[in-house]
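Subject: A structure to look at, with notes

Dear colleague,

I am passing on a structure for you to look through, and below it you will find my notes on what turned up. Please keep the picture open while you read, so that you can find each part as it is named.

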Amino acid sequence: MTSVGVALPEDAGVAQELLGRAEALAQRLNGRWVAFVICNDSLPSPRAELAMRHAELAMQRGGTVVFCEGEDTAQTLLALAARERVDILILGAPAHRWRLRRGIVDRVVRAERAFDVVIIGNG
């Protein structure tokens, strides 16, 4: 069975788009999907509440939600995707192109991994 993972960003609009894409891809592939919510100690209360709303939406749409603490988001995503045995990991493109060169998405894409990465553009 194919497994699709999706990393949920803080931006509500982007998160909803990524959830929809993960759900649709998993349905097309007759697989399962899992949403990753990365938290850390510095997560302010409003952001934590937003993360909970995204998680609830993922569960309502039939996904599994995995919460994990991690200061290094890229490494945490890589570890979660490996642990959950995802075949495809969906990430949102950074809001600014310059961030792509050394940001989370770039680090995940360049890492040695056993799964494919799909980057969904913004806009």
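Before the notes on the strands, one term is needed: two strands are said to pair if DSSP finds at least two bridges between them. Please also keep in mind throughout that this is a predicted model.

If you take the contacts between residues at least 6 apart in sequence, 76% of them join residues that are at least 24 apart.

The strand pairing can be followed from strand β4. Strand β1, which covers residues 3–7, pairs with β4 in the parallel sense over three bridges, and within that pairing G5 has L89 of β4 as its bridge partner. Strand β5, covering residues 116–120, also runs parallel to β4 and is joined to it by five bridges; here the bridge partner of G92 is I120. Why can β4 be called largely enclosed by the rest of the structure? Five of the five residues of this strand, residues 88–92, are buried, so the strand is largely enclosed. The burial applies to both faces, with I88, I90 and G92 covered on one side and L89 and L91 covered on the other.

Next comes helix α1, which has 17 residues, 12–28, and reaches 24 Å from its first C-alpha to its last, close to the 24 Å expected at 1.5 Å a residue. Its N-terminal end is capped by D11, which has a side-chain oxygen lying 3.0 Å from the backbone nitrogen of G13, while just after the helix N30 takes a positive phi of about 55 degrees. The buried residues of α1 are A15, L18, L19, G20, A22, E23, L25 and A26.

E23 has a relative accessible area of 17%, and because buried means under 20%, E23 counts as buried. Leaving aside residues up to four places away in sequence, E23 touches W33 and R61. The C-alpha atoms of E23 and A35, which are twelve residues apart along the chain, are separated by 9.9 Å.

Finally, there are the nonpolar cores. The largest has 19 residues, of which V4, V6, L19, W33, A35, V37 and I90 touch the most other members. The elements that give two or more residues to this core are β1, α1, β2 (32–39), α2 (45–60) and β4, and α1 gives the most, with five residues. Apart from this core lies another, of 17 residues, among them F36, L77, V108 and F115.

With best wishes

Conventions
Residues are numbered from 1 along each chain as its sequence is written. This is a predicted model: local features need pLDDT of at least 70, side-chain atom pairs count only at pLDDT 80 or more; totals for chains, interfaces and linings use all residues. Side-chain values use heavy atoms; hydrogens and water are left out. Helices (H or I, at least four residues) and strands (E, at least two) are DSSP runs, numbered from the N terminus. The expected span of a helix is 1.5 Å times one less than its number of residues. Buried means under 20% relative accessible area, exposed over 50%, partly exposed in between (1.4 Å probe, protein chains only). A polar contact is a pair of N or O atoms within 3.5 Å; within protein, one must be able to donate a hydrogen and the other to accept it, and residues adjacent in sequence count only if both atoms are side-chain atoms. Contact means heavy atoms within 4.5 Å. A nonpolar core is a set of buried Ala, Val, Leu, Ile, Met, Phe, Trp, Tyr and Cys residues joined through side-chain atoms within 4.5 Å.
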